[in-house]
Amino acid sequence: MSMFYACDQDGMLVYIDDAKRGLACLCQCFICGARVVAKKGPHKTHHFSHHAGKIACDIAPESILHKLAKQVILQAEGLQLPPMPGVYPSPNDPEADKTSWWDFAEIHAEQTQQLFRPDLVAKLKDGTQLLIEIAVTSFVDEYKQEKIDRLQDKTVELNLRYLLDQMHKPYLEIRQHILHDTQHKTWLYPHDPEMPQDDPATAHSESKCLPFEDKGMIHPDAFVQHRFTVLGMWLGAMRLPSGDLVVRSYAYNPQIVQLLKAWAGELGGRYSRRYKNWSYPAKYAGQVLERLGQLHDETA
Ligand SMILES: [Zn+2]
């Protein structure tokens with residue numbers, strides 16, 4: 001792909017339209033650090049090019065987009081977000097914009113937390129923090145989700161894959177998408193209180209008010225994590241205290257969706273749109289685990 005971005009002397013990404021022409025751009029290649037020239041002639045699409053005839057670097061657009069998104073959010077010190085689970089803005093007005101702009105008191109990149117290192121950590125004015133994960137090609141998987149659930153900090157994931165083929169567009173347009181689009185932002189924590197909790201930490205505390213505990217019938221295998229690789233995809237399965245089984249697939253694969261859907265139809269399971277997982281009634285949980293075990297590919 002053409003180089004639409006290069007790094008300035010402070011290491012910040014600069015869009016070709018915003019750079020001075022020629023060597024005066026004072027920019028470097030994002031990958032190799034060599035001087036680049038801003039080619040802004042009358043004929044070809046404007047782009048950066050290595051100075052002194054060096055062979056072009058292989059620049060992955062996802063790396064540029066990932067860095068650019070961090071830069072944009074660090075500079076803006078805020079982000080437009082969909083309503084946090086459990087918060088219901090303007091409940092009586094279905095037409096109202098339910099999203100809101102979150103102002104950060106501080107924001108830092110790559111600040112290691114107890115269990116993992118999110119892309120960005122924002123300090124909020126109420127003293128709590130918001131963890132921000134920027135996903136372009138790799139998304140939060142079940143292992144990371146478990147850590148996020150244990151950490152219990154507010155966490156959002158930005159899925160920016162849809163911008164990958166738009167990197168030639170003006171910087172301000174890309175910036176607008178990153179900051180203000182909300183349909184590509186998902187809350188990873190907290191979870192929606194209306195949905196069944198399938199996380200050990202919160203499910204334990206929540207379980208006090210659930211009826212099955214009154215009967216003293218917490219399933220002995222509750223919260224035991226089962227992992228399978230089916231058609232090259234990771235699937236996680238776990239019994240809830242009721243004995244019901246929840247099955248998660250983090251990466252989207254239409255064949256796996258078809259399979260889990262067919263089992264739900266056959267055994268009476270259901271799909272949670274928010275968690276993108278399927279739950280199956282306790283009496284068929286063993287059967288579903290057995291089927292997953294049969295499909296499990298050790299070699300994948
Ligand atoms: Zn280079």
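Modeller: Strand 8 and strand 9 (residues 120-123) are joined by 4 bridges and pair in the antiparallel sense. Within this pair, Glu106 has Lys123 of strand 9 as its bridge partner. The model is a predicted one, in which local features need pLDDT of at least 70 and side-chain atom pairs count only at pLDDT 80 or more, while totals for chains, interfaces and linings use all residues. Residues are numbered from 1 along each chain as its sequence is written.

Colleague: What do the terms helix, strand and pairing stand for here?

Modeller: Helices (H or I, at least four residues) and strands (E, at least two) are DSSP runs, numbered from the N terminus. Two strands pair if DSSP finds at least two bridges between them. In general, strands of a sheet pair through backbone hydrogen bonds, either parallel or antiparallel. The protein chain here has 7 helices and 17 strands.

Colleague: In what order do the strands 8-9-10-11-12 stand, and which pairing do they show?

Modeller: These 5 strands form an open sheet in the order 8-9-10-11-12, and the pairing is mixed. Strand 8 (106-109) and strand 12 (185-189) stand at the edges with a single partner strand each, so one side of each has no neighbour in the sheet. On average, neighbouring strands of this sheet are turned by 25° against each other, direction ignored. Such angles are taken between axes, which are lines fitted to C-alpha atoms (for helices over the stretch in contact), and run from 0 to 180 degrees between N-to-C directions.

Colleague: What is the order of the open sheet with antiparallel pairing?

Modeller: That sheet has 5 strands in the order 13-14-15-17-16. Its edge strands, each pairing on one side only, are strand 13 (225-230) and strand 16 (270-272). Strand 13 runs antiparallel to strand 14 (residues 233-239), to which 6 bridges join it. Arg227 has Gly236 in strand 14 as its bridge partner.

Colleague: Which helices lie across strand 13?

Modeller: Helix 6 (residues 254-267) lies across strand 13, strand 14, strand 15 (245-249), strand 16 and strand 17 (277-280), at about 25° to strand 17. Helix 7 (residues 282-295) lies across strand 13, strand 14, strand 15 and strand 17, at about 40° to strand 13. Asp297 is found in the segment after helix 7. In sequence Asp297 and Phe228 are 69 residues apart, yet their C-alpha atoms are 7.5 Å apart in space. Asp297 also touches Thr229 and Val230, leaving aside residues up to four places away in sequence; two residues are in contact if their C-beta atoms, placed from the backbone, lie within 7 Å.

Colleague: Is Asp297 buried or exposed?

Modeller: A residue is buried if 20 or more other C-beta atoms lie within 10 Å of its own, exposed if 12 or fewer, and partly exposed in between, with C-beta atoms placed from the backbone. Asp297 counts as exposed because it has 11 C-beta neighbours inside 10 Å. Of the 300 residues of the protein chain, 25% count as buried.

Colleague: Which residues of helix 1 are buried?

Modeller: They are Ile64, Leu65, Leu68, Ala69 and Ile73. Seen down the axis of helix 1, these buried residues fall within an arc of 155°, so they line one face of the helix; the arc is that of the directions from the helix axis to the C-beta atoms.

Colleague: How is the packing of two helices read?

Modeller: Two packed helices are described by the angle between their axes and the distance between the axes. Helix 1 and helix 3 (residues 171-180) pack at an angle of about 70°, with their axes 10 Å apart. The two helices are therefore roughly perpendicular to each other, on a scale where angles under 35 degrees count as roughly parallel, over 145 as roughly antiparallel, 65 to 115 as roughly perpendicular and the rest as oblique. The contact involves Leu68, Ala69, Val72, Ile73 and Ala76 of helix 1, and Ile174, Arg175, Ile178 and Leu179 of helix 3.
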